[in-house]
Amino acid sequence: MFLIGSASQKNITVLNIFKAEMKKIVAQTVEVCQLGVLVDGDVLYLAKEDSPEPIRLVSFVGKRLPAYCTAIGKALLSDYTYKETIRNLYPDPLRPLTEKTCTDLKKLYEEYTQSKQDGYFKEEGECSLDLNCFALPIRYNNKNIAAISVSIPSFRLTEEKKESTNSCTITCTKRFGT
C-alpha cells in the first residue's frame, strides 16, 4: 500500500517504477528483462524491456506460461510448500513445453528449494530450448508479490554474464524490500 500511495502522490504508477528498474537491468546486461506475477499456477507477464541485441527472446505483456517451467515462476513458487503446490496449483500432471521441462513435482520443489539457498532461480531450456533465464522474487510483507527475470540465449551465456545478471537483479529487487 505504501508503494501505491507513494506512486500516486507523484502521479506515476508502481509499474512505471518497476519498468525504470528493468531498463537499468537491460542497460547493464544487454538482455531481455521481464516482470511477472503468479496467477492460477501460471506466470502472467506484466512488463517487458527488450534487449538491443538482434537475437533475443520473443514474448509480450499479457502472456501466460506455466510457472513450473520458468525462472520467474520458480521464484514465485518458492513461498509454497510441497503439499500446497500439489493440491492447490497443479492437481493435474505437469505437461512439458520442451524435453528439458521438469514434470515431477517433487523434483521441482527440490529445485526451487535449492535455488532459494543459492540466491537466484534459473531455467535452462525448460520453456524454450537454447534460452536461459535467471530470476529473483520481489517480496513485500515477507511474501513473493512478483518476480523479475533476465533471459539470455545459450550462445551468449557465460559464467561472467550469469554473475553480472544476478548481481544487477539482486540490486534491483533490494530496492523493493527483497
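Glu126 is in contact (heavy atoms within 4.5 Å) with Tyr68, Cys69, Lys74, Leu97, Thr98, Lys100, Thr101, Cys102 and Glu111, leaving aside neighbours within four places in sequence. The model is predicted: local features need pLDDT of at least 70, side-chain atom pairs count only at pLDDT 80 or more, and totals for chains, interfaces and linings use all residues. Residues are numbered from 1 along each chain as its sequence is written, and side-chain values use heavy atoms, with hydrogens and water left out.

Glu126 sits in the loop between β4 (121-124) and β5 (131-140). Strands are DSSP runs of E, at least two residues; helices are runs of H or I, at least four; both are numbered from the N terminus. The relative accessible area of Glu126 is 6%. Glu126 is therefore buried (under 20%; exposed is over 50%, partly exposed in between; 1.4 Å probe, protein chains only).

The side chains of Glu126 and Lys74 form a polar contact of 2.5 Å. Such a contact is a pair of N or O atoms within 3.5 Å; within protein, one must be able to donate a hydrogen and the other to accept it, and residues adjacent in sequence count only if both atoms are side-chain atoms. The Glu126 side chain also reaches the backbone nitrogen of Cys102, at 3.3 Å.
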